[in-house]
Amino acid sequence: KAVVSTQSTGEEQMLTQSLAQLKGVQSRFIESQEAVSKLSKKETGKDVLVPLTSSMYVPGQLADTEKVLIDIGTGYHVKMTISEAKAYFIRITEYITKKMEIVQKNLIEKDKLRQVTTEILQLKIQAQQQQSAQQQA
């Protein structure tokens, strides 16, 4: 019983962590999409703060509001138009949402399986206890 319970709990924890990570990634892409949308409304030459790190910014000016540099992962950046960037963020957000739905379904299935397994084990224990009580009587 303990081995099955531990394995099931471990799998559920892994799926829960995966879901939390996907939610974090999804929110970052949504924030990026919003930033691109706001950028498209600004004018060339407008003062902005440019992030150097997650906590350090330097002043700058927009040189080109028609194209943006998008980080597509693992250190690769692609120059895109504003509309291409918006479409990219929509695609990637939809993809992540689908993956989150799959993980959520798996999590629900694992929880149901754990509940069924627990119920079966409890029934077997009760049957053994009844059998022991009848043998002693």
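**Close-up 1. The loop between strand 3 and strand 4, with T74 in it.** In this predicted model, T74 sits in the loop that runs between strand 3 (67-73) and strand 4 (76-81). Take a look at the backbone here: T74 has a positive phi of about 45°, although it is not a glycine. Is T74 buried or exposed? With a relative accessibility of 76%, T74 counts as exposed.

**Close-up 2. A nonpolar patch on the surface, made by I72, Y76 and V78.** Together these three residues have about 280 Å² of accessible area. One of them, V78, belongs to strand 4. Its relative accessible area is 30%, so V78 is partly exposed.

**Close-up 3. The largest pocket, with a volume of about 1100 Å³.** Its lining is made up of 29 residues, and the ones nearest the centre are A35, V36, L39, P51 and L69. Which elements give two or more residues to this lining? They are helix 1 (2-39), strand 1 (47-51), strand 3 and helix 2 (82-136). Helix 1 gives the most, with 10 residues. Sorted by class, the lining of the largest pocket holds 18 nonpolar residues, three polar ones and eight charged ones.

**Close-up 4. A salt bridge between K110 and E11.** The model has three salt bridges in total, and here is one of them: the side chains of K110 and E11 meet at 2.9 Å, N to O. K110 lies in helix 2 and E11 in helix 1, so this pair ties together parts that are 99 residues apart in sequence. How open are the two partners? K110 is partly exposed, with a relative accessible area of 26%, and E11 is partly exposed too, at 27%.

**Close-up 5. E12, D111 and R114, linked in a network of salt bridges.** Start with E12 and R114, whose side chains meet in a salt bridge of 2.8 Å, N to O. E12 lies in helix 1 and R114 in helix 2, so the pair ties together parts that are 102 residues apart in sequence. R114 also forms a salt bridge with D111, where the closest N and O atoms are 2.3 Å apart. These two are three residues apart in helix 2, so about one helical turn separates R114 and D111. As for cover, E12 counts as buried because its relative accessibility is 14%, which is under 20%. R114 is partly exposed, with a relative accessible area of 29%, and D111 counts as partly exposed at 24%.

Key. Residues are numbered from 1 along each chain as its sequence is written. This is a predicted model: local features need pLDDT of at least 70, side-chain atom pairs count only at pLDDT 80 or more; totals for chains, interfaces and linings use all residues. Side-chain values use heavy atoms; hydrogens and water are left out. Helices (H or I, at least four residues) and strands (E, at least two) are DSSP runs, numbered from the N terminus. Buried means under 20% relative accessible area, exposed over 50%, partly exposed in between (1.4 Å probe, protein chains only). Patches are made of residues with over 30% relative accessible area and no salt bridge: like charges are joined within 9 Å, nonpolar side chains (Val, Leu, Ile, Met, Phe, Trp, Tyr) within 5 Å. Accessible areas come from the Shrake-Rupley method with a 1.4 Å probe; for residues, only the protein chains shown count as cover. A salt bridge is a side-chain nitrogen of Lys or Arg within 4 Å of a carboxyl oxygen of Asp or Glu. On a 1 Å grid over the protein atoms alone, a cavity is a set of points where a 1.4 Å probe fits but cannot get out, and a pocket is an open set with protein on both sides within 12 Å along at least five of seven lines; lining residues have an atom within 4 Å of a point. Grid points are joined across faces, edges and corners, and a volume is the space filled by probe spheres set on the points. Ala, Val, Leu, Ile, Met, Phe, Trp, Tyr, Cys and Pro count as nonpolar, Asp, Glu, Lys and Arg as charged, and the others, Gly among them, as polar.
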